[in-house]
Amino acid sequence: MPTDRLAGWLASLAIAAVAGVLRFWQLTEPRGIYFDEVYYTHDAYGLLTHGYELSDIKSGCDGPGFVVHPPLGKWLMAVSEWLFGYTDCAGIRHGSPELGWRFASAAAGTLAVLVLARTARRMFRSTLLGCFAGLLLAFDGLEFVQSRIGILDIFLMTGLVLALACLILDRDHGRARLAASLTDTDNSPLAGRSGKDASEAGNIDLRSISSLYKTDSKKIRFGARLGVRPWRLACGLCLGASLGVKWSAVYTLVGFAALAIAWDAGARRTAGVRRPLLAAVRRDGPQWSTSFVPLPAIVFLATWTGWFVTGGGYNRHRFGDGMWGTLHSWWDYQQQIFRFHEHLDASHPYASKPLSWLVLARPVAYFYSTPKAGEPGCASQAGCSREILAIGNPAIWWVGVAALVGVLALWVSRRDWRAGLVLVGFATSFLPWLAFPNRTMFLFYALPLLPFLVLGLTALAGVALGPRTASDLRRLVGSLMVGVYAIVVVLLFVYFYPIMAAQVVPTSAWRVRMWFPGWI
């Protein structure tokens, strides 16, 4: 309904506005550079002034620097620095440097909340559940902290959330086009439906489809070609952009590509196609392969434009200046980056293994200081603490990981495509890290898992609420459960906020928030 659509937008925007206030409030604190900002703010400055990353300040910025991540995230920070300020190689501050290198992160983190809320609303056909998903993302500590620091991971997660939104839109629009291609004489549950109805039909349990066919009917052979699918192309573009932030997006690309072709086959099965997988490959395969192979590769390559056109980047002239020499030099550079990551095993006090991410066993202290009594903000005679701890909201991560069991049961029992999406998205964002047991890794690498944990929790919240036809008592109990859980999420965020936002608190108050030794 139009009123519900308007209400959905207003509610989603309101949650995004709250998220934005939290992320932009006192964004310039602490002043100066902390944690890995030392690398990425300088890289962004090099891109802004030279078109390629410079060597570090200690060496005088006297030439190109070897960097181990693609440029797009740093280009976004460069735009932010151009708007608000930066610190040059001589250490001179221009404008407001902290705002310059953190603004883009805060904007990306806020955008992710809005897009996930809208995506969840579309997936679950519920404004309430869409807002529930947006609220969880807005009040997660890890997403909050990553939105307030000038490093790359928030751009990676936001790019993947945008790709997810495009993937869901493509699924709905593809089914609507398929339905529009059928006539009422076709023996199909999609025949004659409007685009909206076809979108709803996408939620039909595929195991029940066979009962909708007449036993004496002749099924459709392949079904119609659906033409250009702009949302699928947009998904490929967003995945390529995510690759341009960090290579690890390639795993999600593979997962989304698998989901897309599986959904195409499912739609054609619903439409009454005799051999749906073969039909999906024949009818949808060309654009599917274009969207998930060459398009992301082209976008990824385009993120290196500065390196190509300026002629001054690292390794730029190793194999000559012609087209093939330049491409050979670039490919050699990528191989050097790969070898760096392959052999990255240096010890670090906040390093952690992937399985520990699921229980938040080792969060990362980005910043820590100990103001003394009488110093600004510290009124405790025993001294104070000021910290930025990159840690997820326990109510989201601990409950979310446990909820994956329920999501799996939902997929097995109902073949719910949304549960399948959560499982595939989570698996492709997490399982590949288990293949590198000796690599140095940190909790914030798990940020791309978060949207799928949130969607998994949202799916189970939908189960708790029950269908619209459920009894009033069932709806009341489910609403209370979901409401209490949401309140716990917000309260835990408020509880941990001081140690995530560099607020000065008595050391005793800091200590009671260190629930486990691994958090110190």
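Predicted model: local features only at pLDDT ≥ 70, side-chain atom pairs only at ≥ 80, totals over all residues.
Two strands pair if DSSP finds at least two bridges between them, and strands (E, at least two residues) are, like helices (H or I, at least four), DSSP runs numbered from the N terminus. Residues are numbered from 1 along each chain as its sequence is written, and side-chain values use heavy atoms, with hydrogens and water left out.

**The sheet around E4**

- Three strands form an open sheet in the order E3-E4-E5, with antiparallel pairing.
- E3 and E5 (504–506) are the edge strands, each pairing on one side only.
- On average, neighbouring strands here are turned by 40° against each other, direction ignored; axes are lines fitted to C-alpha atoms, for helices over the stretch in contact, and angles run from 0 to 180 degrees between N-to-C directions.
- Five bridges link E3 to E4 (residues 384–390) in the antiparallel sense, and Ala365 stands opposite Leu389 in E4.
- Three bridges link E4 to E5, also in the antiparallel sense, and Ser385 faces Val505 of E5 as its opposite residue.
- In a regular strand, side chains alternate between the two faces of the sheet.
- Both faces of E4 are covered: Cys384, Arg386, Ile388 and Ala390 are buried on one side, and Ser385, Glu387 and Leu389 are buried on the other. Here buried means under 20% relative accessible area, exposed means over 50%, and partly exposed lies in between (1.4 Å probe, protein chains only).
- Because seven of the seven residues of E4 are buried, this strand is largely enclosed by the rest of the structure.
- Helix H19 (residues 472–500) lies across E4 and E5 and runs at about 105° to E4.

**Nonpolar cores**

- In soluble globular proteins, nonpolar side chains tend to be buried together.
- The largest nonpolar core has 128 residues, and Phe256, Phe292, Val364, Tyr366, Ile396 and Trp397 touch the most other members. Such a core is a set of buried Ala, Val, Leu, Ile, Met, Phe, Trp, Tyr and Cys residues joined through side-chain atoms within 4.5 Å.
- Helix H7 (residues 153–181) gives this core its largest share, 12 residues.
- A second, separate core of five residues includes Leu178, Leu226, Ala267 and Ala271.
- Not counting residues up to four places away in sequence, Val364 touches Phe35, Tyr350, Ile388, Leu389, Ala390, Phe442, Leu443 and Phe444; contact means heavy atoms within 4.5 Å.

**Where H2 meets H3**

- Two packed helices are described by the angle between their axes and the distance between the axes.
- The axes of H2 (residues 37–50) and H3 (residues 72–84) come within 8 Å and cross at roughly 75°.
- H2 contributes Tyr40, Thr41, Asp43, Ala44, Tyr45, Leu47 and Leu48 to the contact, while H3 brings Lys74, Trp75, Met77, Ala78, Glu81 and Trp82.
- These contact residues divide into nine nonpolar, one polar and three charged. In this grouping Ala, Val, Leu, Ile, Met, Phe, Trp, Tyr, Cys and Pro count as nonpolar, Asp, Glu, Lys and Arg as charged, and the others, Gly among them, as polar.

**Backbone points to look at**

- Glu29 and Pro30 are joined by a cis peptide bond, with omega about -5°. Pro30 lies in the loop between H1 (2–24) and H2.
- Phe35 is not a glycine, although its phi is positive at about 50°. Phe35 also sits in the loop between H1 and H2 and counts as buried at 18% relative accessibility.
- Leu360, again not a glycine, has a positive phi of about 55°. Leu360 is found in the loop between H15 (354–357) and E3 (364–369), and counts as buried at 0% relative accessibility.

**Two buried helix residues**

- Glu98 belongs to helix H4 (residues 97–124) and is buried, with a relative accessible area of 0%.
- Leaving out residues up to four places away in sequence, Glu98 touches Thr28, Pro30, Arg31, Gly32 and Arg93.
- Thr326 belongs to helix H14 (residues 323–342) and is buried, with a relative accessible area of 7%.
- With the C-alpha atoms of Thr326 and Trp307 separated by 9.9 Å, these residues are 19 apart along the chain.
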